[in-house]
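Hello,

Here is the structure you were expecting. My notes on it follow below.

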Amino acid sequence: MQLETYLGPGTTATHGSDGPTQISGGTYHAERSENDFIQAAKEVGYPELMDLQDLDSNNGVQRALRFISTDGKRQDTAHRYLHPRLQDGKHPNLNVLVQSQVLRVLFNGKTASGIEYRPNPAFQKSVKIDSIKARKLVIVSAGALGTPLILERSGIGSPEILNRASVPVVANVPGVGKEYQDHHLLTYPYHTSLNPNETADAVTGGRLNISELIATNASILGWNAQDVAAKLRPTDTEIAALGPEFEASWDHDFKNNLNKPLVLMALLSG
């Protein structure tokens, strides 16, 4: 909750109100497709919900809220946390190394002592592997997909996996990378009657003049083309129809977690 200033419908019980990252509807919606999608969802049993992100709501849709401010600026970690501190002159101890890949954490015995990294050869002349030493603490924060890989390359994880990869074991932590899997994405494209200014192709496909959009601070620039979000859980009938193997997985991971959706769905006006 300390992350966000939430500007959508909902309650302060589950949303922050004074964090650095604004969550809003942005500056633009493709209202025709948005309204049609919500109406179609309602007709098959998925109502429009006030707050899909309240940690409990499921089986419904909501007009999308985004990591975009009310004036159309993207709210990413770099711009909301790093850039202000790099520019305020008050943080001389903050240095950002860009276009570099962290290979592994270095250890002095069992204590993390630094990191090993290599520059991206596509952007930097040097491709020499180098290291940075830490005085106090090493924090690994590379997201749900990147963090387990760095930890395992560093020797933290299941000995069985690390031994197969010839990585010396620093710490036996079998939970690292366990059940690691990518998220599956299915996309269904449709031919529509949307006008160019109702799709992201208006910008990415050059149908609108980018220079003119920037010069006029056009509202479409504060849009990520996703206008509706949905969280879905199957019915008992649907679960049974998918077969015993699916049902066993459902019972293990989802059945009793009533606030856990099986499928996330979104409308993208591409």
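**Nonpolar cores**

A202 is in contact with P196, N197, R207, L208 and I220, leaving aside residues up to four places away in sequence. Please keep in mind that this is a predicted model. Both A202 and I220 belong to the largest nonpolar core, which has nine residues.

**Aromatic residues**

A search of the whole structure gives three aromatic pairs. In one of them, the ring centres of F246 and W250 are 6.5 Å apart and the planes are at 20°, which is under 30 degrees, so the pair counts as stacked. F246 and W250 are four residues apart in helix α8 (residues 244-253), about one turn of the helix. W250 also pairs with F254, again stacked, at 5.4 Å centre to centre and 10° between the planes.

F246 has 23% and is partly exposed. The charged end of K260 sits over the F254 ring, 4.7 Å from its centre.

**Sheet**

Three strands make an open, antiparallel sheet in the order β4-β5-β6. Its edge strands, β4 (100-108) and β6 (130-133), each pair on one side only. From one strand to the next, the twist averages 30°. β4 and β5 (residues 111-119) are joined by eight bridges, and V102 stands opposite Y117 in β5.

Regards

Definitions and conventions. Residues numbered from 1 in each chain as written. Predicted model: local features only at pLDDT ≥ 70, side-chain atom pairs only at ≥ 80, totals over all residues. Heavy atoms only, no water. Core = buried A, V, L, I, M, F, W, Y, C linked by side-chain atoms within 4.5 Å. Buried < 20%, exposed > 50% of the residue type's maximum accessible area, 1.4 Å probe, protein only. Contact = heavy atoms within 4.5 Å. Pairing = 2+ DSSP bridges. Helix = DSSP H or I, 4+ residues; strand = E, 2+ residues; numbered from the N terminus. Axes fitted to C-alpha atoms, helices over the stretch in contact; angles between N-to-C directions. Phe/Tyr/Trp six-rings, centres within 6.5 Å; stacked < 30°, edge-to-face > 60°. Lys NZ or Arg CZ within 6 Å of the ring centre and 35° of its normal.
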